[in-house]
Amino acid sequence: MLADGKNQPPKPSFVSRVLGVLIKAVVLIGFLFVFDKLLPSISEQTQSFVVAKWQQMSLLQQELPTENSLPSPLPEKNLTDTWGAARSQGRSHEGIDIFAERGTPIQSTTQGIVSKVGENDLGGRVVVVVGPGGAGHYYAHLEDYADIAPNDWVNQGDIIGYVGDSGNAKGTPPHVHYGIYINGSAVNPYPLLQKD
């Protein structure tokens, strides 16, 4: 007994102390191993996220496209203003159609961030690029996609896909439907494209 009348707790044995130290060491080594394996991935994801956000902010501060400022997604192909033409189910055409041979490469009309590479009912295989001023550039009825994915950066002239007839254009002559959306509303892309 101690002078104050309390029992002194028994000292852990040498074996239990060594065992406790070993367990703590194994847990620490395991934690460091997991952290080491995750750190490059976390660092890479963080860096990618920061770069993407910086690119988005930079794009939003740039001017929206103006008349005759954008190249055609299909250079050297005839452009016709098909904006507003009647479509099925009482819709009107919210873009222009540019006809070309199946598989013709489609070029991005602008620099920007790819926001969609996928399918929808009307457009079939589509690609959406968010460009300067936050304008959405919509490419539809693709035969196939280029090697791009959402959040990729593209430059003006980069190949984003290939002419086809997917979606509700099945069976029509191959073409790309090109649309531009500003603040969520479709605008006629024809005046914005450079004509030969």
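Modeller: Asp158 counts as partly exposed because its relative accessibility is 30%; buried means under 20% relative accessible area, exposed over 50%, and partly exposed in between, with a 1.4 Å probe and protein chains only. The model is predicted, so local features need pLDDT of at least 70 and side-chain atom pairs pLDDT 80 or more, while totals for chains, interfaces and linings use all residues. Residues are numbered from 1 along each chain as its sequence is written, and side-chain values use heavy atoms, without hydrogens and water.

Asp158 sits in the loop between strand S6 (153-154) and strand S7 (159-163); strands are DSSP runs of E with at least two residues, numbered from the N terminus. A polar atom of the Asp158 side chain lies 2.8 Å from the backbone nitrogen of Asn155. Leaving out residues up to four places away in sequence, Asp158 touches Ile106, Gln107 and Ser108, where contact means heavy atoms within 4.5 Å. The C-alpha atom of Thr110, 48 residues away along the chain, is 8.8 Å from that of Asp158.

As for aromatic pairs, the whole structure holds two; ring centres must lie within 6.5 Å, and planes under 30 degrees apart are stacked, over 60 edge-to-face, the rest tilted. Tyr138 and Tyr181 are edge-to-face, at 6.2 Å centre to centre and 90° between planes. This pair links strand S5 (residues 136-145) with strand S8 (residues 175-182), its members being 43 residues apart. Tyr138 is buried at 15%, and Tyr181 partly exposed at 25%. Tyr139 and Tyr178 are tilted because their planes stand at 40°, with centres 5.2 Å apart.

Notes. Helices (H or I, at least four residues) and strands (E, at least two) are DSSP runs, numbered from the N terminus. A polar contact is a pair of N or O atoms within 3.5 Å; within protein, one must be able to donate a hydrogen and the other to accept it, and residues adjacent in sequence count only if both atoms are side-chain atoms. Rings of Phe, Tyr and Trp (its six-membered ring) pair if their centres lie within 6.5 Å; planes under 30 degrees apart count as stacked, over 60 as edge-to-face and the rest as tilted.
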